[in-house]
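Have your viewer ready, and select each stop as we reach it.

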Amino acid sequence: MGQRLSGGRSCLDVPCRFLPQPPTPPPLVRRKLALLFAMLCVWLYMFLYSCARSCAAAPGLLLLGSGSRAAQAAPALVTAPNVTSPRLPFRAPPATALAADKDKTPGAESQEDQSPEVPDSPSPISSFFSGFGSKQLPQAIIIGVKKGGTRALLEFLRVHPDVRAVGAEPHFFDRSYHKGLAWYRDLMPRTLEGQITMEKTPSYFVTREAPARISAMSKDTKLIVVVRDPVTRAISDYTQTLSKRPDIPTFESLTFRNRSAGLIDTSWSAIQIGLYAKHLEPWLRHFPLGQMLFVSGERLVSDPAGELGRVQDFLGLKRIITDKHFYFNQTKGFPCLKKAEGSSKPHCLGKTKGRAHPAIAREVLRRLREFYRPFNLKFYQMTGRDFGWD
């Protein structure tokens, strides 16, 4: 360092050109590298965006842990006015413990009656993608009916990439209205632009305050009602209760107020829910008929793709769910989804669906069909569709 070079210059004074320098890439190479990096960023963005939408449609990822979210929801920021609940028609004062049980609001279920196949926590992948989009109030609601096929319809719809839905039943418009719309919105999954937010709570259809409450949220809400032969529906309702309480009286003894006179006990919720024409009247005072879609529970089993086509059209969705998505499960007796998007296994509803019904005497079935016939005919007239139950 201290040595002198010829001419009296120090080695520190040597120009940089005499020292070794790293090679400089040609300008063309630098431009190509910058272009490649920009293309990589664009591709990564598009990949994540498409995955967020496709993963949202996979039944295995769509469940989103809604049950735990509902249980751990934040306090309401906006409260709704308290509304006094009027008595439903055909209600009789209970005289015994059994009568009190029969006098429960039609369609009201305990927490254990809610679908058990909904997971309590989201998968890591769905947790990652749930950070995209924003939470919206539902634009479409499946409002009924209990034991009509609402769970099957919701699970089938979740195959569609433009449908996002809550897994557990929120019961906002019948049980939790006092918690406010902010609480309700927080239960909803995040959606991207162009996607529809949905929920299903079958007891809304038989809750007299629900039509006005949903209309107050949005008059443009689309409503879907899954209906089924009321006699078969009542037996299915009884079968579900029987699986939880094996000591309950027989179906026949609960059906009749006076067996010898053939008087049907309309205070029993299993019977009252099937009076579809009575329950539809308050809905038509708040929503036009064209804003409601009535889905056949029977056709949802015999022709799921056909009914899903009607539902997709009603929701303004492209017909993506077709015959190729279904296969018939002989053991359960209803259609299941083939390998769902994002899953390597077929997707069927849980063991609580498709229970074997108890044998019911033909005379009981005959009297029930006679009882429901005028209500069914009026329902056909109101909806403009003959469901063929008679």
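**First stop: a helix with charged pairs**

Select Glu363, which is partly exposed, with a relative accessible area of 35% (buried means under 20%, exposed over 50%, and partly exposed in between, using a 1.4 Å probe and protein chains only). This is a predicted model, where local features need pLDDT of at least 70 and side-chain atom pairs count only at pLDDT 80 or more, while totals for chains, interfaces and linings use all residues. Residues are numbered from 1 along each chain as its sequence is written, and side-chain values use heavy atoms, leaving out hydrogens and water.

Glu363 and Arg367 form a salt bridge, with the closest N and O atoms 3.0 Å apart (a salt bridge is a side-chain nitrogen of Lys or Arg within 4 Å of a carboxyl oxygen of Asp or Glu). Why are they separated by about one helical turn? Because they are 4 residues apart in helix α15 (residues 362-383). Helices are DSSP runs of H or I with at least four residues, strands are runs of E with at least two, and both are numbered from the N terminus.

Stay in helix α15 and pick Arg366 and Glu370, also 4 residues apart. Their salt bridge has its closest N and O atoms 2.6 Å apart.

**Second stop: a buried pair**

Select Arg233 and Asp237 in helix α9 (residues 230-244). They form a salt bridge too, the closest N and O atoms being 3.1 Å apart. Are these two buried or exposed? Arg233 is buried, with a relative accessible area of 0%, and Asp237 is buried at 4%. In total, the count comes to 18 salt bridges.

Zoom in on β2 (residues 140-144) and β5 (residues 196-200), joined by 3 bridges. Ala140 stands opposite Met198 in β5.

**Last stop: the whole chain**

Zoom out to see 15 helices and 11 strands. How much of the chain do buried residues make up? They make up 46% of the 390 residues. Finish at Trp43 in helix α1 (residues 27-57), which counts as exposed at 52% relative accessibility.

Key. Two strands pair if DSSP finds at least two bridges between them.
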